[in-house]
Amino acid sequence: MASKHEIKAQIRKDEGKGASRRLRHADFVPAVIYGGTQPPQSLQLIHNDVALAARNEWFFSALLDLNIEGKVQKVLLRDLQRHPVKPRVLHLDFQRIDESKPIRLKVPLHFLNQDQSPAGKIAGLLIMHEVNEVEIACLPSKLPEHIDVDLGELSKGDIVHLSSIKLPEGVEIPALRLGKEHDLAVVVVKEARVEVEEETAAPAAAAEVPATAVKAEPAKTDAATKAEPGKGKK
């Protein structure tokens, strides 16, 4: 059973960019809640509370109890905007949930028992996680915070597809209704590629340049020079 997670908020009366800037300077986060039969409503949350909640996986994938000044509504976080440089949350969007209607939401996958699997004990194998979250559909009461994928039996050459995942009762993966081509690979076991750089040394014979025998002409003596025709004194 999923845990309950309560988030406290206050009604925000001021609107506009200037009001939002003032809220942020006062360590609040502007937010909005929409959906259902009620009109959208502007809210403000304490930044430290939001920053702490945002460290948890459940903040993005679980059904939340949004406590607005004592009135609790079931919501999902639909958007969170962060500052591009500073560790600050700038804005939040919450959607009201009708607990009698199915919802669609992406939830994280938790991979279990990988190291204990046959593939995990073989050197030279890579276990690739191709997908780390999956979109599911279910009633809000059945919404899991995550889905476990047991890899205890994983062996060399195995591929775990979406259709192989054991889902909680009342939960389905809508993509599987669209055909086999949507049955994505979630985990793939491959052999690791080891690239060995071969040292190519030039053969010693190629490095040696054969010496060319050159006959050195004997140095000519003065006598020899005198003996040559045409070399005498006139």
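Visitor: What supplies the largest share of the lining of the second largest pocket?

Guide: That's α1, with 3 residues. This is a predicted model, where local features need pLDDT of at least 70 and side-chain atom pairs 80 or more, while totals for chains, interfaces and linings use all residues. Residues are numbered from 1 along each chain as its sequence is written, and side-chain values use heavy atoms, leaving out hydrogens and water.

Visitor: What makes a residue part of that lining?

Guide: It needs an atom within 4 Å of a pocket point; a pocket is an open set of points on a 1 Å grid over the protein atoms alone, where a 1.4 Å probe fits, with protein on both sides within 12 Å along at least five of seven lines. Here the lining is R21, R24, H25, F28, Q81, H83, K86, R88, V89 and L90. Both α1 (17-25) and β6 (89-96) supply at least two of the lining residues, and the pocket holds about 240 Å³ of space.

Visitor: What is the lining like by class?

Guide: There are 4 charged, 3 polar and 3 nonpolar residues.

Visitor: Why is β4 called largely enclosed?

Guide: Buried means under 20% relative accessible area (1.4 Å probe, protein chains only). In β4 (residues 64-68), 5 of the 5 residues pass, so the strand is largely enclosed by the rest of the structure. L64, L66 and I68 point one way, D65 and N67 the other, and all are buried.

Visitor: What makes β1 and β4 a pair?

Guide: Strands (DSSP E runs of at least two residues, numbered from the N terminus) pair if DSSP finds at least two bridges between them. β1 (residues 6-11) and β4 have 4 bridges, in the parallel sense, and A9 has I68 as its bridge partner in β4.

Visitor: Which strand forms a hairpin with β4?

Guide: β5 does, with 2 residues between the strands; in the turn, E69 has a positive phi of about 50 degrees. β4 and β5 (residues 71-82) pair antiparallel over 5 bridges, and I68 stands opposite K71.

Visitor: Why do β8 and β11 count as edge strands?

Guide: They belong to an open sheet of 3 strands, ordered β8-β12-β11 with antiparallel pairing. β8 (125-129) and β11 (159-161) each have a single partner strand, so one side of each lacks a neighbour in the sheet. As for β8, 5 bridges join this strand to β12 (residues 185-191), running antiparallel, and H129 stands opposite V187 in β12.

Methods:
Buried < 20%, exposed > 50% of the residue type's maximum accessible area, 1.4 Å probe, protein only. Points joined across faces, edges and corners; volume = space filled by probe spheres on them. Nonpolar A, V, L, I, M, F, W, Y, C, P; charged D, E, K, R; others polar.
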